Amino acid sequence: MADLLSVRGVTKHFQGVEALGDVDVTLHEGTIHGIVGPNGAGKTTLLNVVSGYVRPERGRVELDGRDVTRFTPQRRVPLGVVRTFQNIRLYGGLSVLDNVRLGQHTRALTGLRSLWPVRGSRERELRAEAERALELFDLLPYRRRRAAELPYGLQKQLEMARALAARPRVLLLDEPAAGMPAEGREALVERIHDLRDEGLSIVVVEHDMDVISKVCDHVTVLNFGRRLTDGPPAQVLASDAVRTAYLGT
């Protein structure tokens with residue numbers, strides 16, 4: 001499998017504290033890669049580096065062999081790197097459908113033509129595509145509701161639907177199962193597998209080890225900003241070093 005996304009020797013400090021230290025991670029095309037670790041291990045910082053919200057002091061981020069380390073998030077999204085957030089970032093006053101439509105903005109027309117609204121068959125095509133993303137996450141019945149009216153678990157799913165509207169190559173999911181009941185988590189695992197089977201490459205940051213063990217092809221464990229171990233989920237989650245990092249025993 002080809003290396004689609006590579007993090008090489010990434011280091012980042014905040015106020016003198018090492019958040020990431022010489023971290024390497026490789027996402028193979030068409031796979032699901034989990035990032036786990038105790039609180040404060042550097043998981044979200046790593047996702048911020050990959051998505052361009054944080055610039056590392058050392059190291060590189062490569063997409064298809066291209067160095068994108070200095071690219072802003074706005075430059076990475078059109079290249080196919082799209083993310084969700086641990087703290088939901090929806091437009092609460094807009095409808096569920098309009099939030100997903102906002103995810104399509106990077107594919108809008110450019111130059112003077114972008115001053116005119118999309119009309120006709122193209123408008124119908126985009127709307128249908130947005131509704132398909134909603135249907136995937138069982139959100140179609142809520143499409144006219146304000147996003148702020150949805151319960152937390154459905155808002156998390158709406159973030160994922162909006163991310164899909166950007167047609168990512170690499171989808172970065174930050175705590176996608178947070179706030180979901182058990183049956184919702186089972187459905188989430190199936191949806192993520194479906195997305196991978198359609199050719200999407202996915203990075204999942206998640207605290208729920210049951211979700212990680214069921215959804216991921218490969219797992220990297222961080223601890224105090226350093227890579228502790230990586231490998232297949234069953235091997236990693238059975239590791240004495242991982243149990244010590246989580247439980248302190």
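Two strands count as paired when DSSP finds at least two bridges between them, and in this predicted model strand E7 (residues 170–174) and strand E8 (residues 201–205) are joined by five bridges and run parallel. That pair belongs to an open sheet of six strands, arranged in the order E6-E7-E8-E3-E9-E10 with mixed pairing. The protein averages a pLDDT of 88, and 92% of the residues score at least 70.

**The sheet and its edges**

- Strand E6 (81–83) and strand E10 (226–231) stand at the edges of the sheet, and because each has a single partner strand, one side of each is left without a neighbour there.
- Direction ignored, neighbouring strands of this sheet are turned against each other by 20° on average.
- Strands of a sheet pair through backbone hydrogen bonds, in either a parallel or an antiparallel way.
- Strand E9 (residues 218–223) and E10 run antiparallel and are joined by five bridges, with Val-219 standing opposite Gly-231 in E10.
- Helix H5 packs on the sheet, where it touches E6 and E7, and its direction makes about 165° with that of E7.

- Strand E8 is mostly covered, since five of its five residues are buried.
- In a regular strand the side chains alternate between the two faces of the sheet.
- In E8, Ser-201, Val-203 and Val-205 point one way while Ile-202 and Val-204 point the other way, and all are buried.
- Strand E3 (residues 32–36) is joined to E8 by four bridges, the two running parallel, and the bridge partner of Gly-34 in E8 is Val-204.
- E7, helix H6 (residues 182–197) and E8 together make a right-handed β-α-β unit.

**Nonpolar cores**

- The largest nonpolar core has 41 residues, and those with the most contacts inside it are Val-100, Leu-134, Leu-139, Leu-158, Leu-171 and Ile-202.
- Helix H5 (residues 152–165) gives the most to this core, contributing seven residues.
- Leaving aside residues up to four places away in sequence, Leu-158 touches Leu-90, Val-96, Asn-99, Val-100, Leu-134, Leu-139, Ala-147 and Leu-150.
- A second, separate core of 25 residues includes Leu-20, Ile-35, Leu-172 and Leu-222.

**Gly-153 in helix H5**

- Gly-153 is found in helix H5, and its relative accessibility is 10%, which means that it counts as buried, the cut-off being under 20%.
- When residues up to four places away in sequence are not counted, Gly-153 touches Gly-179 and Met-180.
- Gly-153 and Val-242 are 89 residues apart along the chain, and their C-alpha atoms are separated by 28 Å.

**Confidence in the prediction**

- Where pLDDT is low, the predicted coordinates should not be read in detail.

Terms used:
Residues are numbered from 1 along each chain as its sequence is written. This is a predicted model: local features need pLDDT of at least 70, side-chain atom pairs count only at pLDDT 80 or more; totals for chains, interfaces and linings use all residues. Side-chain values use heavy atoms; hydrogens and water are left out. Buried means under 20% relative accessible area, exposed over 50%, partly exposed in between (1.4 Å probe, protein chains only). A crossover is right-handed if, with the strands pointing away from the viewer, the path from the first strand over the helix to the second runs clockwise. A nonpolar core is a set of buried Ala, Val, Leu, Ile, Met, Phe, Trp, Tyr and Cys residues joined through side-chain atoms within 4.5 Å. Contact means heavy atoms within 4.5 Å. pLDDT is the predictor's confidence in each residue, from 0 to 100. Axes are lines fitted to C-alpha atoms, for helices over the stretch in contact, and angles run from 0 to 180 degrees between N-to-C directions.
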